[in-house]
Amino acid sequence: IMAQQVSSSSPFLKPFFLKPPVRAVSPLQQRRHTLPASEFRNLTPQDAISVFEIEREAFISVSGECPLTLQEVLSFLSQCPELSLGWFEEGQLVAFIIGSGWDKESLLQEAMTQHVPNPPTVHIHVLSVHRHCRQQGKGSILLWRYLQYLSCIPGLRRALLICEDFLVPFYLKAGFKEKGPSVISVSNMHFQEMEYTLGGQAYTRRNSGC
Ligand SMILES: CC(C)(COP(=O)(O)OP(=O)(O)OC[C@H]1O[C@@H](n2cnc3c(N)ncnc32)[C@H](O)[C@@H]1OP(=O)(O)O)[C@@H](O)C(=O)NCCC(=O)NCCS
């Protein structure tokens, strides 16, 4: 009898029982159920394993060499995550670009492992698309978005990369110019150096949405 009286007369218990049942959902749990269909963002060191999986499949089977080792991926994603871009679909990495800073006219062998802070030039080390997603325009779209994004970073003037002959037409289509044979060689492979001028004319810059 005493217990009944306490519970029915207590002003503190009533609001609790009157509240409709609410399932506590943290913002994190909510997000898990609504992963964006498509998202572009800078990579972080936590993405290194996904990056390396795509890279390994794309390059090891073809040339036996990856442009970047896992250690180098981790190193660049720690030092200059702002020079990377990943394309995620439902949370899965489908394509990525990793760049680092450079400050010489052309790419030299040491550019392969080095990041120069506050650079005038970005060295694009690798662009790779998951094998299930190739030949759908994703590589071109990601590269275009990356170059647009770079042109909004103050101080950056151009992007440089080296590629094998067969990919020269791909980069020409993306707006790069051929600089000629690169001095860099990796296990007897030879490369062409390609250059992209960021921003271009004042007109493009004004209308680029920076
Ligand atoms: C190269 C790569 C990034 C292109 O991405 P993608 O999403 O497949 O490319 P897109 O659909 O935007 O464009 C297709 C174009 O890429 C070029 N291309 C792609 N793979 C090619 C290959 N093996 N040989 C020649 N050209 C190729 C062609 O120009 C092609 O156009 P086409 O179909 O009219 O010939 C992608 O194929 C890839 O990751 N390959 C393995 C890794 C690699 O070689 N990376 C580049 C060096 S860092």
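Modeller: What follows goes through the sheet, then the helices beside it, then the ligand shell. The model is a predicted one.

The sheet is open and has seven strands, in the order S1-S2-S3-S4-S5-S7-S6, with mixed pairing. Strand S1 (39-41) and S6 stand at the edges, and each has a single partner strand, so one side of each lacks a neighbour in the sheet. On average, neighbouring strands are turned by 25° against each other, direction ignored.

Strand S5 (residues 158-163) and strand S7 (residues 189-197) run antiparallel and are joined by six bridges. In this pair, Leu160 is opposite Glu195 of S7. On the S6 side, strand S6 (residues 177-186) pairs with S7, also over six bridges and in the antiparallel sense. Here Ser185 has His190 of S7 as its bridge partner, and Val186 has Met189, again in S7. S6 and S7 make up a hairpin with two residues between them. In the turn, Ser187 has a positive phi of about 35°.

Next come the helices. H4 lies across strand S3 (92-102), S4 and S7, and runs at about 85° to S3. H4 (residues 48-63) also packs with helix H5 (residues 70-79): their axes come within 10 Å and cross at roughly 135°. The crossing of the two helices is right-handed. From H4, the residues Ala48, Val51 and Phe52 meet Leu70, Val73, Leu74 and Leu77 of H5. By class, this contact consists of seven nonpolar residues, with no polar and no charged ones.

Strand S4 (121-129) supplies four residues, the largest share of the shell. Helix H6 (138-150) and helix H7 (168-173), like S4, each give at least two residues to it. Of the 18 residues around the ligand, Ala58, Arg134, Gly139, Ser140 and Phe170 come nearest. Sorted by class, the shell holds ten nonpolar, six polar and two charged residues.

In short, S4 is one of the strands that H4 lies across, and S4 also contributes to the ligand shell. At the other end of the strand order, S7 is paired with both S5 and S6.

Note on methods: Residues numbered from 1 in each chain as written. Predicted model: local features only at pLDDT ≥ 70, side-chain atom pairs only at ≥ 80, totals over all residues. Near = placed C-beta within 6 Å. Nonpolar A, V, L, I, M, F, W, Y, C, P; charged D, E, K, R; others polar. Pairing = 2+ DSSP bridges. Axes fitted to C-alpha atoms, helices over the stretch in contact; angles between N-to-C directions. Left-handed = near helix turned anticlockwise from the far one by under 90°. Contact = placed C-beta atoms within 7 Å.
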